[in-house]
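This report concerns pairs of charged side chains. Please consult the sequence and the structure shown here before reading on.

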Amino acid sequence: PTRRSSDLFYFILYKNNDLKVCLCTIGKRENKYAIEFVEHYKKYDIDKIFIYDNNDVEDEKFETVLSDYIKNKFVDIKNYRGKITAQIKMLNDCYKNNKNKYDWFIMLDMDEFIFLKNFANIKSFLNDKRFKKCNLIHLNRVFHTDNNQVFYKNISLFKRFPKYTKNVTSVKSILRGHLFNIKIKNLHVIHHNYESCNGFGDIINKTKKSTDFKYYYLDHFYFKSTEEYIEKVNRGDARFLINEKLKLKKIKFYFLFNKITKEKIKLFEQKIGINLDIYKKKLKTLKNKKLN
């Protein structure tokens with residue numbers, strides 16, 4: 001499906017009672033997407049974005065493109081340069097150092113964008129009386145496919161990749177501040193000791209995750225174009241050490257959601273250096289089925 005532009009205009013406003021909301025994220029070689037990400041959450045009335053800079057020591061710096069936001073104290077850059085498997089450490093550090101300053105912590109990647117159909121901003125959403133009993137709010141993700149885009153273009157992610165799939169059960173979390181004994185161990189669940197709510201304030205059964213794609217979810221631009229996804233694979237993972245086995249796993253995941261083409265296979269082989277005969281055979285099988 002594609003997003004209907006009219007969806008963005010059905011707002012229900014609530015008094016925000018001076019809620020303080022921050023966002024914690026980690027980024028590596030994300031400069032060309034950083035402004036769109038920051039602007040999205042600025043419009044959603046976030047108070048502060050903490051970006052943990054996980055670039056290599058000699059790599060690009062977020063200050064290059066986000067200097068104005070840093071000067072205005074909307075963005076705070078934390079030095080995590082050169083650290084490996086740093087994402088869980090980052091989330092714990094962000095919460096521990098700021099838990100008494102903010103009422104809610106949004107914990108996302110820099111390719112994830114919150115969508116709220118019936119609320120003008122994140123504070124109106126979080127201040128809804130349905131969430132009074134909730135310390136964790138889980139939002140489901142929709143994965144935007146590559147939309148058959150092979151190469152990068154300097155255009156908004158939403159304009160480049162309007163089509164998405166809802167066949168995703170994983171979630172990302174919003175965690176209440178001012179809580180004690182928080183130790184985050186899982187990127188998606190965040191904390192097992194607190195009952196979780198979905199986007200409607202309903203308690204989520206631990207064995208069956210409810211979904212709320214119609215109103216509240218995350219636009220996840222996980223793949224982008226083939227070229228950009230290859231860059232993502234090659235730059236490593238914020239949770240795991242990268243190796244050939246993990247690279248193959250990521251390629252397999254890519255082709256679960258995106259069309260297999262000869263051009264894409266060739267680019268993967270050239271840029272990653274892994275033989276993908278298995279996908280050449282699959283492509284040939286698909287072509288033979290069409291002919292028959």
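A residue is called buried when its relative accessible area is under 20%, exposed when over 50%, and partly exposed in between (1.4 Å probe, protein chains only). The model is predicted, so that local features need pLDDT of at least 70 and side-chain atom pairs count only at pLDDT 80 or more, while totals for chains, interfaces and linings use all residues. Residues are numbered from 1 along each chain as its sequence is written, and side-chain values use heavy atoms, with hydrogens and water left out.

A salt bridge is a side-chain nitrogen of Lys or Arg within 4 Å of a carboxyl oxygen of Asp or Glu. By this rule the count is 18 salt bridges. Three of these pairs are set out below.

| Pair | Closest N to O |
|---|---|
| Asp59 and Arg29 | 2.8 Å |
| Arg235 and Glu30 | 3.3 Å |

Helices (H or I, at least four residues) and strands (E, at least two) are DSSP runs, numbered from the N terminus. Asp59, in the loop between β2 (48–53) and α2 (63–71), and Arg29, in the loop between β1 (21–27) and α1 (31–43), lie 30 residues apart. Asp59 is partly exposed at 24% relative accessible area, and Arg29 is partly exposed at 33%.

Arg235 belongs to helix α6 (residues 226–235), whereas Glu30 lies in the loop between β1 and α1, 205 residues apart. Both Arg235 and Glu30 are buried.

Lys123, in helix α4 (residues 122–126), is 76 residues apart from Asp47, in the loop between α1 and β2. Lys123 is buried, with a relative accessible area of 9%, whereas Asp47 is partly exposed at 23%.

Salt bridges with shared partners also join Lys28, Arg29, Asp56 and Asp59 into one network.
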